[in-house]
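Here are some notes to read beside the model. They go point by point, starting with a question.

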Amino acid sequence: MTKPLIQVNNVSFEYSLNNNRSIQVLNEVSFDIFPGEYVAIIGHNGSGKSTLSKHLNGILKPSSGDIFVSDHNTKEQKLQREIRKKVGMVFQHPDNQIIATIVEDDVAFGLENIEVPASEMKERIDFALEAVGMSDFRKRPPHHLSGGQKQRVAIAGILAMKPDCLVLDEATSMLDTYGRRDILDVIRKLNNEGMTIVSVTHHMSEVAEASKVIVIEKGQVVMVGTPREIFQHYELLHRLQLDVPVANQLARLVHEYDHEFQADLIHNDEIVQEVMRLSAKRGVYVG
Amino acid sequence: MASFEFELTRNITIGQYLPTGSLIHRLDPRIKLLAFTILVIAMAICHTYVGNFIALAFACYLFYISRIPISYGLSGVKPAIPFILVLAVLQLLFYSEIASGGTVFVDYGFILITSDSIRLVIVSALRFIEIIFLSSVLTLSTSTTQITHGIESLLDPLKHVKFPVHEFALIITIAIRFVPTFAMEMEKMMKAQASRGAEFGTGAWWRIIQRTKDVFPIIIPLFNVAMARAEDLVLAMEARCYTPGSERSIYAKYKAKSTDYAALLFCILFAVLLLAFPFPY
């Protein structure tokens, strides 16, 4: 079995308000993330999912327990740079993570920080902008870009640093449908090329894309499984104020009327397949 | 009321780069900044009519070779006119002790107008215009990114005396980067406040206190937002391995060409001419 890229071992985290009061945000969380996985972390507002994601590159450090990124403990200050080179993070607000006045310079920012020689930078910037489809915008100022484009630049800024894992902390929540679509396409492509993805989200259609889902509630891991397994627990998810993808809702409804129609479908194209399958079987022609 | 009342983003003049690809545009930004500084110093010291008219003509000529319409320069002068006028009146009335030489024209009570004080007034007005023209050419022909890169690399030697050159350049960059963002933010807030009945800019201009109070409901939330953004930005920078004070490599490297040196030399010669040549008036 391959070694996990990120190991989360019994991690608890609390914010201290003042001397004698603190808020427990994470409580004994454990899971592993393996190279090449696409992990979705879901949970409703205040469940601690965002706090958890900020632990993965050592921005926050566990109050107890340990996190290892390729055997580097995030608590060790000396290893911080190594860890952040391996685990890149894109945040929620597209406007608040672009530092420079033109796209190209912003992508260069991370490279400058990790002292990539200037001769190598151009090539890496070209590669990163190409990967997110923003090559034509390299000389543009960020305020002339749409939200989705800004978020793609933010991803490029991380990609140029050649990380092993990309963490998206609700990176699509501020975007419109088109922007979100673009980001998801980019993520899909990166994952296909071998990049490990951790996506913190509450958009269930994004969760359906993942290979593993971790459900968080009150700072604890409630469920871990494939999206199809997770969405079976419709009632539990509902109690946790979480939804299932529209495709799955539809499949369930149809299943109630027609038990031959499978209830565990989660992708739109699966619905289409199922309708085709059943109509062929029953000799009904669907155009 | 103007229909563009809330359109703040369209009025931002900082970094109004106008790419025409002229000779001036293609100059090394470091050379441009150096030449700009030298010329401004020379213009600020030169105190003859002829010298200043030559300098003004030179500034106009710069517009011509950078293929930027001179109207851009004039629109920069327009908002400065009240200042120039107030300054002129003050200088005319109160600088007579310093500039008391030459022919006396008026000597009435404390008012003493001489040919020297008139010269002072006209020359300072000319200087004002020259310097506005010059800085317009600089900012219109150089992108803000180039300017900050230029400043960073010009200040580079100061690293030896522990001056945080990179941090300084980064502060400028971030400040410039967020100007349009905050302008848009402010626009949103003004619209939100106006839709709840707040009025902006409707009081008469002399009611300064009232006009100032009008701004508070915008400024305070804007500060709030700025703080929240700053916090986010710190996280994003840290996530990309930024550690203040540590070694970094630099992406933008400029290499001065012979045309750059020629341009710099020309500006130095021009400055020397302005300062040293005994102009008759």
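This is a predicted model: local features need pLDDT of at least 70, side-chain atom pairs count only at pLDDT 80 or more; totals for chains, interfaces and linings use all residues.

At what angle do helix H2 (residues 29–45) of chain B and helix H7 (residues 144–155) of chain B pack, and how far apart are their axes?

1. **Helix packing in chain B.** H2(B) and H7(B) pack at an angle of about 75°, and their axes are 8 Å apart. Angles of 65 to 115 degrees count as roughly perpendicular. That makes H2(B) roughly perpendicular to H7(B).

2. **Who makes that contact.** H2(B) brings Pro29(B), Arg30(B), Lys32(B), Leu33(B) and Leu34(B). H7(B) brings Gln146(B), Ile147(B), His149(B), Gly150(B), Ile151(B), Ser153(B) and Leu154(B). By class, the contact of H2(B) with H7(B) has 6 nonpolar, 4 polar and 2 charged residues.

3. **An enclosed strand in chain A.** Turn to strand E8 (residues 196–200) of chain A. Here 5 of the 5 residues are buried, so E8(A) is largely enclosed by the rest of the structure. In a regular strand, side chains alternate between the two faces of the sheet. Both faces of E8(A) are covered. Thr196(A), Val198(A) and Val200(A) are buried on one side. Ile197(A) and Ser199(A) are buried on the other.

4. Which strands pair with E8(A)? One is strand E3 (residues 38–42) of chain A, which pairs with E8(A) in the parallel sense over 4 bridges. Another is strand E7 (residues 165–169) of chain A, joined to E8(A) by 5 bridges and also running parallel. In E8(A), Val198(A) is the bridge partner of Val39(A). Val198(A) is also the bridge partner of Val167(A). Val198(A) is itself buried.

5. **An antiparallel sheet.** Chain A also has an open sheet of 4 strands, in the order E2-E1-E4-E5. Its pairing is antiparallel. The edge strands are E2 (21–33) and E5 (72–73) of chain A, and each pairs on one side only. Strand E1 (residues 6–18) of chain A pairs with E2(A) over 9 bridges, in the antiparallel sense.

6. **Two domains in chain A.** Chain A is divided into domain 1 (6–244) and domain 2 (245–287). Their centres, taken over C-alpha atoms, are separated by 34 Å. The contact takes 8 residues from domain 1 of chain A and 6 residues from domain 2 of chain A. On the domain 1 side, helix H7 (204–207) and helix H8 (227–232) of chain A each supply at least two residues. H8(A) gives the largest share of that side, 4 residues. By class, the domain 1 side has 5 nonpolar, 2 polar and 1 charged residues.

Conventions
Residues are numbered from 1 along each chain as its sequence is written. Chains are lettered from A and ligands numbered from 1 in the order in which they are written. Two strands pair if DSSP finds at least two bridges between them. Domain bounds come from an automatic or database domain assignment. Two residues are in contact if their C-beta atoms, placed from the backbone, lie within 7 Å. Ala, Val, Leu, Ile, Met, Phe, Trp, Tyr, Cys and Pro count as nonpolar, Asp, Glu, Lys and Arg as charged, and the others, Gly among them, as polar. Axes are lines fitted to C-alpha atoms, for helices over the stretch in contact, and angles run from 0 to 180 degrees between N-to-C directions. Angles under 35 degrees count as roughly parallel, over 145 as roughly antiparallel, 65 to 115 as roughly perpendicular and the rest as oblique. A residue is buried if 20 or more other C-beta atoms lie within 10 Å of its own, exposed if 12 or fewer, and partly exposed in between; C-beta atoms are placed from the backbone.
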